[in-house]
Amino acid sequence: MKKRYLFILVTVLAVTACSSFRSGPKTEPAAEITTMAAFHAEMSGCQTCHADGSKVTVSDSENHENEQCVSCHGGYEKMANAALEFDPHTSHLGDINCTTCHKGHDAPQFYCNNCHSFNIEAMPFADVPKKAAWDRDWNQEAIQKAIAAGPVEKTDVVVVGAGSTGFNAALTAERKGAKIILFEKAPFTGGNSMLAAGGINAVGTPQQAKKGIKDSVDWFVEDTMKGGRYKNDEKLVRIMAEESADAVKWLESLGVNLDGLKRSGGARVQRTHAPANGASAGPQIIQTLRKVAKREHLDTRLNSRVEKLVLNDNREVVGVVVHGKHSGYYMVAADAVVLATGGYGMNKEMIAWYRPTFAKMTSSNNITATGDGIIMAKEIGASMTDIDWVQAHPTVGKDSRILISETVRGVGAIMVNTDGKRFVNELTTRDRASDAILKQKEGYAWLVFDEQLIAKKKMVRGYEHLGMLKKADTVEGLAKMTGMSALPETIKAYNAYQSTGKDLAFGRSDMPLNLTKPPFYAVRVAPGIHHTMGGVAIDPDSEVLDLQSWPIPGLYAAGEVTGGVHGFNRLGGNAIADTVVFGRRAGAHAAEYALKK
Ligand code: MEZ
C-alpha cells in the first residue's frame with residue numbers, strides 16, 4: 001500500500017519547485033520546520049499563501065489560499081500521478097480544496113480515511129502533532145452573542161447545505177432573481193449526493209422512450225408507495241413522479257450525462273437514469289453542479305456551519321447564525337432559509353435514540369450527515385414526520401463504509417449466504433433484503449458475479465482497486481476460496497433460470513446476465529445505515545410545518561432532511577429524484593417568498 005502513495009514524493013518535489021515561483025531567496029527547509037505553513041513562510045513569507053501575508057484575513061472557504069496552491073503546483077490533473085493505482089487527487093470527490101487534506105498550520109488530514117482506511121504514512125508534514133478537530137459543539141453563548149450583535153450582512157435566501165438539494169435550491173432561487181448565500185459546513189461541497197452510486201429515477205424521459213420502456217407517473221407513484229409500505233405522503237410522491245422527467249432534463253441542461261437506464265429494487269421497469277458507461281451518478285452530478293455554481297458566481301461558503309435559525313417576534317424565520325472556521329460566529333439576515341442539510345445517518349446519538357437496533361451498524365453516509373437541519377428545525381417548533389424510520393442498505397461492504405451499489409445486483413449479480421446458497425430475490429426492496437441477510441447464520445452475505453458484469457459496470461473496478469473482491473478463474477475455485485461450498489450448484493441453477501427468464505427459486509424478474517464468463521468474483525456485504533427517511537415535515541411547496549401543521553413563515557426544506565416522500569423504505573434512485581425535484585421547488589418558493597417581502 002505504501003508504494004501507492006508515491007504521490008507524496010511528487011507533492012514534496014512540487015512544493016520544493018514552488019520556491020522558484022515566488023520572489024525571494026530559495027531556502028532549504030530547516031530541520032525544525034514541521035508545518036506546511038512554516039515551510040512556505042520560510043520560502044518567501046506568509047504571502048506565499050495568504051492575501052495580505054497574514055492568517056487573520058483568511059476567508060472561511062480559504063479560496064485565496066487554494067488558488068495559491070493551484071497557481072503554484074497546478075490543478076488536480078497535474079498533481080495526479082498516473083502511475084499510481086490510486087491517487088487521492090483523482091478520487092470520486094472531484095476537484096476539492098487542497099486545504100481539505102493539506103492543512104497549513106495543522107497536521108494534514110487524509111480526508112478519504114473518513115470512509116476508507118488507506119495506510120498513508122508519509123503525507124508531507126504528517127509529523128505535526130494533531131490538533132483537536134474543528135469545534136463540533138454548538139456554542140450557545142456564542143450563538144446568542146451573534147444574535148444580540150445583529151446581522152453582519154443581509155441576503156434574500158440562505159441555503160444550508162451544498163449537496164444536490166442545496167445546489168438545486170440555490171441555482172433555482174438565483175434564476176428567480178433572488179440573492180443567495182449557500183453555506184456548507186464541510187471543506188468541500190457534495191454532501192451525501194456526492195456518494196450516490198445509483199442514479200435518478202424518472203418517468204417519461206427520452207431515455208425510456210428510446211428503449212421502448214412503457215412506464216407512467218401512476219406506476220412510479222405505486223412502486224414508491226409500495227416500497228414505502230404505503231406510509232409515504234402520496235401528494236409528495238406524486239409531485240416527485242410528475243416532475244421527475246423535468247428534473248432529468250434540468251440536470252442534462254446543466255451538463256450532467258444521464259444517458260443510461262437501469263432498474264433498481266422495487267421498480268417495475270427501468271427508470272433509474274445514470275451514465276451508460278456504468279460510472280457512479282452522484283460524483284458526476286455534484287461535479288457538474290459545482291462547475292455551474294462557480295461559473296455563475298454563486299456565493300458558496302465552505303467551512304461554514306449554520307447552527308441556529310433566528311426568529312422574529314412573529315415567529316418568522318429572519319436569518320441564521322453561522323459558525324465560520326476562521327470568522328467565528330456571526331448572524332446573516334435572510335428573508336427565507338432553505339434547509340438542505342441531509343439526514344442523520346452519521347449522528348450516532350440520534351441513531352441510538354430513534355433506531356436503537358441500528359446503533360452499532362456501519363453507515364455508507366458522508367460524515368456530514370449529522371442531522372443539523374432536524375436539530376435546528378426542532379428547536380424552533382417544527383413538526384417531524386416518520387423521524388425514526390432509518391433505512392439499512394443491504395449491501396455495504398462488510399466491515400467497511402463502502403456502498404456496493406444496488407445497481408450491481410440490477411445489472412446481474414446474485415446474492416448468496418456463506419454456504420453459497422441464494423436466499424432472497426436480489427431485487428426486492430432494501431428493508432426486505434437487509435432483514436433476509438441479518439437472518440442468515442453469519443449475518444452477512446456475498447454478491448457473486450462474473451467478468452461480463454465488470455465490463456458493464458465501471459464502478460466495480462473501484463471495488464477491485466479497494467481490495468474488496470475475491471477473484472477466481474472458475475466457480476469451483478471461488479467456492480473454495482470463500483468457503484461457499486454450494487456455489488457451483490447455485491450458479492448452475494441460476495443460469496438455467498436466467499436462460500428461461502423464470503426464477504423458480506425466488507421470483508426475480510430481471511436477470512440480465514448469466515454467470516458464465518471467467519474470472520468470477522465475490523464481495524462480502526452486510527446491511528449498513530444508508531438513508532434516514534424521516535425528518536422535517538413539509539407541504540408540497542417545501543414549506544416547513546409547525547406542530548399545528550401551519551407553515552413556519554420563511555422556512556423551507558427539501559431532500560433527506562425532510563420526511564414523507566419515502567415512507568417506511570426508500571427505493572433506489574428516489575433520493576436523487578427527491579433532491580432535484582424538491583430542491584428546485586424549495587428554491588423557487590423560497591425565492592418567491594423572499595422577493596415579495
Ligand atoms: O438511491 C440509492 O440509494 C441507490 C441507487 C443506491 C445504490 O445502491 O446505488
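1. A search of the whole structure, which is a predicted model, finds 5 aromatic pairs, where rings of Phe, Tyr and Trp (its six-membered ring) pair if their centres lie within 6.5 Å, and planes under 30 degrees apart count as stacked, over 60 as edge-to-face and the rest as tilted. One of them is formed by Tyr 111 and Phe 188, edge-to-face, with 4.7 Å centre to centre and 70 degrees between the planes. Tyr 111 lies in the loop between α4 (76-79) and α5 (140-149), and Phe 188 in the loop between β2 (180-183) and β3 (200-201), so the pair ties together parts that are 77 residues apart in sequence. Helices (H or I, at least four residues) and strands (E, at least two) are DSSP runs, numbered from the N terminus.

2. On the basis of the values: local features need pLDDT of at least 70 and side-chain atom pairs count only at pLDDT 80 or more, whereas totals for chains, interfaces and linings use all residues. Residues are numbered from 1 along each chain as its sequence is written, and side-chain values use heavy atoms, with hydrogens and water left out.

3. The protein is divided into domain 1 (3-121), domain 2 (140-194 + 284-389 + 533-596), domain 3 (197-282) and domain 4 (391-529), with bounds that come from an automatic or database domain assignment. The centres of domain 3 and domain 4, taken over C-alpha atoms, are separated by 24 Å.

4. Between these two domains, 13 residues of domain 3 are in contact with 16 residues of domain 4, contact meaning heavy atoms within 4.5 Å. The buried area is about 1,200 Å², of which carbon and sulfur atoms give 48%; this is the accessible area (1.4 Å probe) that two parts lose on being put together, summed over both.

5. Across the interface of domain 3 and domain 4 the rule finds 1 salt bridge, defined as a side-chain nitrogen of Lys or Arg within 4 Å of a carboxyl oxygen of Asp or Glu. Asp 431 forms a salt bridge with Arg 229, the closest N and O atoms being 2.5 Å apart. The side of domain 3 that touches domain 4 has 2 nonpolar, 8 polar and 3 charged residues, where Ala, Val, Leu, Ile, Met, Phe, Trp, Tyr, Cys and Pro count as nonpolar, Asp, Glu, Lys and Arg as charged, and the others, Gly among them, as polar.

6. Over the whole structure the search finds 29 salt bridges, including that of Arg 238 with Asp 218, whose closest N and O atoms are 3.0 Å apart. Arg 238 lies in helix α9 (residues 234-242) and Asp 218 in helix α8 (residues 217-227), so this pair ties together parts that are 20 residues apart in sequence.

7. Two backbone details may be checked. A cis peptide bond, with omega about -5 degrees, joins Pro 518 and Pro 519, and Pro 519 is found in the loop between α19 (487-500) and β15 (520-532).
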